[in-house]
Amino acid sequence: MGAAEPVSEPSAPRSRHRVRRTGVLRSLSGVLAAGMVALVAALVVAYVVALREGSPGPGAATLLVHAATAVVAVVAQVFADRTPGPRGALVATGVSVLVGAVLALEWLL
């Protein structure tokens with residue numbers, strides 16, 4: 001009998017996509033970006049209901065500010081998730097600051 005040859009396991013196929021980075025900062029900014037999208041959806045519903053009822057509701061400027069913030073936040077969050085290191089962390093911080101600023105300016109002041 002001959003010596004047994006080691007069995008080599010097939011290597012995992014390499015993906016061309018970048019590995020997602022996890023972390024508290026990126027998770028928090030992702031939640032804030034998704035929350036902004038949900039808030040825009042709720043504001044659109046409130047706008048339509050207010051128009052149908054003839055009552056005051058969120059104005060067009062409010063909808064535009066929130067929608068623009070949601071788009072910028074989601075695009076920046078995707079970039080932050082795909083960019084390793086300090087650049088991705090800086091963009092994730094920017095998402096958090098942007099969403100926080102819009103919420104503070106539109107809802108608290």
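Predicted model: local features only at pLDDT ≥ 70, side-chain atom pairs only at ≥ 80, totals over all residues.
The chain has 3 helices and 0 strands, and from the N terminus on the elements run α-α-α. Of its 109 residues, 21% count as buried. If we take the contacts with a separation of 6 or more, 73% of them are between residues 24 or more positions apart.

I'll start with helix H1, which covers 24-53. H1 has 30 residues, so at 1.5 Å a residue it should span 44 Å, and its end C-alpha atoms are 43 Å apart, which agrees. After H1 comes Gly 54, with a positive phi near 75°.

Which residues of H1 are buried? They are Arg 26, Ser 29, Ala 33, Met 36, Val 40, Leu 43 and Ala 50. On the spacing, a general point: an α-helix has 3.6 residues a turn, so residues three or four places apart point the same way. The cover over the buried residues of H1 includes H2 and H3.

The largest nonpolar core has 8 residues, namely Ala 33, Met 36, Val 40, Ala 70, Ala 73, Val 95, Val 99 and Val 102. H1, helix H2 (60-82) and H3 each supply at least two residues of this core.

Take Val 102 from that list. Leaving aside neighbours within four places in sequence, what does Val 102 contact? Its partners are Met 36, Val 65, His 66, Thr 69 and Trp 107. Of these, Met 36 also belongs to the core.

Now Ser 96, which is found in helix H3. Is Ser 96 buried or exposed? Ser 96 counts as buried because its relative accessible area is 17%, and the cut-off for buried is under 20%. Ser 29 is itself one of the buried residues of H1.

Last, the surface. The accessible surface of the chain comes to about 8100 Å², and 68% of that belongs to carbon and sulfur atoms. There is a nonpolar patch on the surface formed by Leu 103, Leu 105, Trp 107, Leu 108 and Leu 109, with about 620 Å² of accessible area together. Trp 107 we have met already, as a contact of Val 102. Leu 109 lies in the segment after helix H3 (85-108). Leu 109 counts as exposed because its relative accessibility is 79%, where exposed means over 50%.

Conventions
Residues numbered from 1 in each chain as written. Heavy atoms only, no water. Patch = residues over 30% accessible without salt bridge, like charges linked within 9 Å, V, L, I, M, F, W, Y side chains within 5 Å. Areas by Shrake-Rupley, 256 points an atom, 1.4 Å probe, with all protein chains shown as cover. Salt bridge = Lys/Arg side-chain N within 4 Å of Asp/Glu carboxyl O. Helix = DSSP H or I, 4+ residues; strand = E, 2+ residues; numbered from the N terminus. Buried < 20%, exposed > 50% of the residue type's maximum accessible area, 1.4 Å probe, protein only. Contact = heavy atoms within 4.5 Å. Core = buried A, V, L, I, M, F, W, Y, C linked by side-chain atoms within 4.5 Å. Expected span 1.5 Å × (residues − 1).
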